[in-house]
Amino acid sequence: MNNLIIKNIKSLIQTEDKHRSFVSGTDMAKLANIENAYLIVENGIIKSFGSMVDYKPLKEHEAHMQIDASDKLVLPAWCDSHTHLVYPKSRDIEYVDKIKGLSYEEIAKRGGGILNSARLMQSANEDQLFEDAMLRLKEIINWGTGAVEIKSGYGLSTESELKMLRVIKRLKEASPLTIKSTFLGAHSIPMEYRGQQSKFVDLVINEMIPEVAKEKLADYVDVFCDVGFFTVEDTDRILNAAAKYGLSPKIHANELDYSGGIQVGVKYNALSVDHLEFTGDDEIEALMNSGTMPTILPGAAFFLNMAYAPARKMMDAGLPVALASDFNPGSSPSGNMQLIMAMGSILYRMLPEEVIHAVTKNTAYAMGVEKELGSICIGKKANLLITKSIPGIEYLPYAYGENKIETTILNGEVVIK
Ligand code: NIG
Ligand code: FE
């Protein structure tokens, strides 16, 4: 039984009386909270919350574990809707190449980058991949993450992609985090398919997707739709094939150019389109009134020294914005969502309220868990975080060098204290 009462909470943040799917435009600057609050969890689910003034201890509450959160904030745990955290090895050598001036595309062209990880993935031991990824999951729980999406994409052969997805399946079973898995067979074009890219797309469509679907290994499908990687036509074919197996898209789009990725994502009702450095008026227009969550990955833009996606322009147009870590060895070697929040406010001029929506409600939607996570709402899963003693929400993106999380609670149980 995981029953819990958190009392004397200085401020309970991101409360919702009525569930909303996501938060957009000017609403992103408004964040509901209750000062001097309590929250009751029963069987891992948020049972009730409110002001301490209205708190009435009941006899059955005596059996609940009690936490005093005086001087601390309580929030829904972060949802990180875009990661590649199953990988064989870091790529710090390329990091040095990059410092010397090679671009991401140049590194990729010489067989580095994603292909480098794919080469290592072929011989990687499944148990070792699992153990390494479990350590990364522990690390992100420590930073306050409660849900994470993990992609394949360092396989690039049927066998290796299935290996990665089986590791993600084991992580789902072993970790207290809520995990969604995404099949990213079309992440890069293997060397042996250079010059005959459509044959590789055929392999993804005719062999990989049916196998992945047969073993029920993925919740979603992804394609890296960008210059030098997969075209709009390739993406269209893959998303069309995946739809027949009920796989909704979440795609990499418009990181390197105005690739048409955003539009093709919207066409297939993608849950999210991610990166978005190259987003202009046409792309914003395509996203308006769609159910597709624009997701910015500040870690990758920072690490690759790229132009920043026009977050403010998107919100001014009335769009929602989500922020995710993109945790991967090549372009964002960190899953620290507090750092992502700091980047959101420092580099993208987002207000603290906006970044909190962007890493809770909007990322919950972008990974298809918005009905169970992303806000403090009765009936939702109790994936929560308690901060250390901090002055207020501004401090979360402000003091970017320190971990402000004291306690992470997953499924109503204290996991990190
Ligand atoms: O999201 N842009 C494409 N894919 C990953 C990079 C993965 C890698 O370089 O290993 C990304 O940044
Ligand atoms: Fe990515």
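Two strands pair if DSSP finds at least two bridges between them. Strands (E, at least two residues) and helices (H or I, at least four) are DSSP runs, numbered from the N terminus. This is a predicted model, in which local features need pLDDT of at least 70 and side-chain atom pairs count only at pLDDT 80 or more. Residues are numbered from 1 along each chain, and side-chain values use heavy atoms, without hydrogens and water.

User: In which sense do β11 and β12 pair?
Analyst: β11 covers residues 272–275. V273 stands opposite P294 in β12. Over 3 bridges, the sense is parallel.

User: What is the handedness of the crossover from β11 to β12?
Analyst: The chain leaves β11 and passes through helix α9 (residues 281–287) to reach β12. Right-handed means that, with the strands pointing away from the viewer, the path from the first strand over the helix to the second runs clockwise. This β-α-β crossover is right-handed.

User: Which residue of β13 stands opposite T295?
Analyst: β12 also pairs with β13 (residues 322–323), in the parallel sense over 2 bridges. The residue opposite T295 is A322.

User: Is T158 buried or exposed?
Analyst: T158 is found in helix α5 (residues 158–174). Buried means under 20% relative accessible area, exposed over 50%, partly exposed in between (1.4 Å probe, protein chains only). T158 has 12% relative accessibility, so T158 counts as buried.

User: Which side chain does a polar contact of 2.5 Å join to that of T158?
Analyst: A polar contact is a pair of N or O atoms within 3.5 Å; within protein, one must be able to donate a hydrogen and the other to accept it, and residues adjacent in sequence count only if both atoms are side-chain atoms. At 2.5 Å, the partner is E207.

Terms used
Chains are lettered from A and ligands numbered from 1 in the order in which they are written.
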